[in-house]
Amino acid sequence: MYLKKQKEVITLPMNNTNTITFKEAGCKDENASVWLVSLIEFGKKLGLFDLFEGFKLKMKTVNFTVNQKLMVIIMSIAIGCETTSAINDELRGEKLALDMFDMDRCPDQSQINEVLRRFDEGSIKQLEEIHDKLFMENSKTLETEEESVVDFDQTGLIANGQSFELAEKGYFSKQDKGKKGYQMLAAYEGGKEIRETVGMKLDTGNTHCTKHQEELLKATVKKYEKKIEKGQLTIRTDSGFGTAKIIEMMEKIKGLKFLTKAYSPIEAGKIGRTIEFEEWTEVGYKAWVYEIEDEGSRLRHIIVKVLTKKMEYEYAMLITNIKKGEKSAEELFHFYNERQTIEAFFKMAKNVYHIKNLRTRKFYGIYGFLWIVFITHNIISLFKGTMFAGTELEDAGMKVFVEKVGKIKGFVERLKESIEVRIPKMTKISKLLAGILCNRVAIRT
């Protein structure tokens, strides 16, 4: 599937009669988000949005179909709408983007809210299937021969209010202690080049990650079956997943590698306090490791000692089936600390996709919106990795795309058999975007 290339012009066929052409110029016509239009056209050319066509929801169709409303939710996430009400302001003027989904105007917030309120358990299953099919058919990580690393972690979502369905007090950060909300458990591939959502579960705020970790593990293994057979997948988890049961499950999966922190630090402390100072290996500022030698064990156990700000030692134990010849104890320490990628994803999702602003008080509505966020993230990741590979924007974070690139407006001129979107050279980033769009030859081969 290729783009027709002209001098400083990029042409994307829309259907049998229309094309969208991007060029560097200026004009005074209808404007549009270059980022949003480009993302939608990319997704349409690959059939990414076709996955929603069969979505079933008990809801009358008056002016807009359920599918069109779902597309509006995706668009609102892609341009960083903080709330559902922001859709009215942010998308109302995006006539070209709406037209690409056969809408002459934008559904108002009440119509979007009603879709979210109507979500049920069946809706969640459908959205999970859409996410998984999108992942299996388009994931960059499944195409590579390089090792993949999937992180498991859980984060809390605070529900400010009394009427949020199933919200409970539970495992939240110190500043949110005593508040009600939900727990989102996620699997995320956070490699240097590929950053994709793999799976997700939502439950009440007092739900420990152990409740759904088996489901998440099975769902992840199913997606990576071929890579596991080649020994190319490592699952990396924090102590919440370091139970004997989950470790035993992971150990039984032939070809799967894993690294986890032990569920309880008590044993690590008991052992660590008996180790002489000279036996420790320094691995960083105020951090040391010691590997327990046990030839009879199939697993490796590494004791970690860290000196806190209170000048007290804290101990933890890393457990892994990764062989010594592949990673030393010191390398495993640093490899474990690279889990910050999923923590960065949670922070980004809360502040860029604004998942911390719950769109409805209905549990399944919140759950469904999160699945749409995970789907949208992977579409953006695929677009970014395809269209911006080898450019200055290749390593840019999602915040840059949604909040900066997303604000770049082009001027639209509707011709008889085509549409031109002209990008003014106003800022460095708009020049860069125009240059990329105007010189990219192929969407996907």
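Reader: Are helices H6 and H13 roughly parallel or roughly antiparallel to each other?

Author: In this predicted model, the axes of H6 (residues 121-138) and H13 (residues 363-387) come within 9 Å and cross at roughly 10 degrees. Angles under 35 degrees count as roughly parallel, and H6 and H13 are therefore roughly parallel to each other.

Reader: How do the residues of the contact of H6 with H13 divide into nonpolar, polar and charged?

Author: H6 passes H13 in a left-handed crossing, and the contact is made by residues including Ile124, Leu127, Glu128 and Leu134 of H6 and Tyr367, Trp371, Phe374 and Asn378 of H13. The residues of this contact divide into 13 nonpolar, 4 polar and 2 charged.

Reader: Is lysine 201 buried or exposed, and what is its relative accessible area?

Author: Lysine 201 lies in strand E8, which covers residues 195-204, and beyond its neighbours within four places in sequence it is in contact with Glu128, Gln183, Met184, Leu185, His212, Glu215 and Tyr367. Because buried means under 20% relative accessible area, lysine 201 is buried, with a value of 13%.

Reader: Which side chain does a polar contact of 3.5 Å join to that of lysine 201?

Author: Glu215 is among the residues in contact with lysine 201. The polar contact of 3.5 Å joins the side chain of lysine 201 to that of glutamate 215.

Reader: What is the relative accessible area of methionine 200?

Author: Methionine 200 also lies in strand E8, and, not counting residues up to four places away in sequence, methionine 200 touches Met184, Leu185, Ala186, Leu216, Tyr367, Leu370, Trp371 and Phe374. Methionine 200 is buried, and its relative accessible area is 1%.

Technical notes
Residues numbered from 1 in each chain as written. Predicted model: local features only at pLDDT ≥ 70, side-chain atom pairs only at ≥ 80, totals over all residues. Heavy atoms only, no water. Axes fitted to C-alpha atoms, helices over the stretch in contact; angles between N-to-C directions. Helix = DSSP H or I, 4+ residues; strand = E, 2+ residues; numbered from the N terminus. Parallel < 35°, antiparallel > 145°, perpendicular 65-115°, else oblique. Left-handed = near helix turned anticlockwise from the far one by under 90°. Contact = heavy atoms within 4.5 Å. Nonpolar A, V, L, I, M, F, W, Y, C, P; charged D, E, K, R; others polar. Buried < 20%, exposed > 50% of the residue type's maximum accessible area, 1.4 Å probe, protein only. Polar contact = N/O pair within 3.5 Å; in protein donor to acceptor, adjacent residues only side chain to side chain.
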